[in-house]
Amino acid sequence: ARGGGIGGTSAGAMIQSDFVYNACGNRVETEDALADPYRDVSFTYNFFSWGNLRGTIVDTHFYKRERMGRIMAFIARQIKDGVSKSALGIAVSEDTSVVVEKNGRAKVMGRGPAYFILGDRTPEVCEKRTPLTYSNYKIWKVNSGDTFNLRNRPTTGYYLRSVKRGRIDSDPY
């Protein structure tokens, strides 16, 4: 509110989002989350209330740990559980930062890209003990030095990926 800056790495970045994955128990990775989006997966809500991060979930250590499927499952859960009608994943890799300015512009800085993954419809299958099926996630790959507008999301420049019975249809990166 006073115009100051806030930052975080790893879990410190994850808690900045609207929907926060609780990594308190067993660590859930892509294969597990896609096989069962509910097993060992829980969330905290309203930890912080940053206007520009409304409707988001942040994940870190993204590319090295191949967490695209994990964030896809987290997004599907927000919609299926009735938390939100859509959810935007912000995926940040090692040696990379996403700096969100007060105007809603997210600038990617550092070594690698960041990914912005949008789920904007109800998943076909998102149930306990059942592999995830969710069609047409919109994914924007934003390279270092480029920006993504969180307030007015772009309507072009994305590619689509789907999950069918717990498997991503093609390389999501």
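Student: Which residue in β6 stands opposite T96?

Tutor: That is G110. Before we go on, this is a predicted model, where local features need pLDDT of at least 70, side-chain atom pairs count only at pLDDT 80 or more, and totals for chains, interfaces and linings use all residues. Residues are numbered from 1 along each chain as its sequence is written, and side-chain values use heavy atoms, with hydrogens and water left out.

Student: What makes β5 and β6 a pair?

Tutor: Two strands pair if DSSP finds at least two bridges between them. β5 and β6 (residues 105–110) have 5 bridges in the antiparallel sense, so they count as paired. Strands here are DSSP runs of E with at least two residues, helices are runs of H or I with at least four, and both are numbered from the N terminus.

Student: Why is F19 called buried?

Tutor: Buried means under 20% relative accessible area, exposed means over 50%, and partly exposed lies in between (1.4 Å probe, protein chains only). F19 has 4% relative accessibility, so F19 counts as buried. This residue sits in strand β1 (residues 19–21).

Student: What does F19 touch beyond its neighbours within four places in sequence?

Tutor: Contact means heavy atoms within 4.5 Å. The contacts of F19 include T44, Y45, I57 and V83.

Student: How do you know whether T60 is buried or exposed?

Tutor: T60 has a relative accessible area of 5%, so T60 is buried. You will find T60 in the loop between β3 (56–59) and α3. Not counting residues up to four places away in sequence, T60 touches S10, A13, M14, R67 and V92.

Student: Why is N46 called exposed?

Tutor: N46 has 67% relative accessibility, so N46 counts as exposed. N46 lies in the loop between β2 (43–45) and β3.

Student: What makes a set of residues a nonpolar core?

Tutor: The members are buried Ala, Val, Leu, Ile, Met, Phe, Trp, Tyr and Cys residues, joined through side-chain atoms within 4.5 Å. The largest nonpolar core has 44 residues, of which F116, I117, L132 and Y137 touch the most other members. Helix α3 (residues 68–80) gives the most to this core, with 8 residues.
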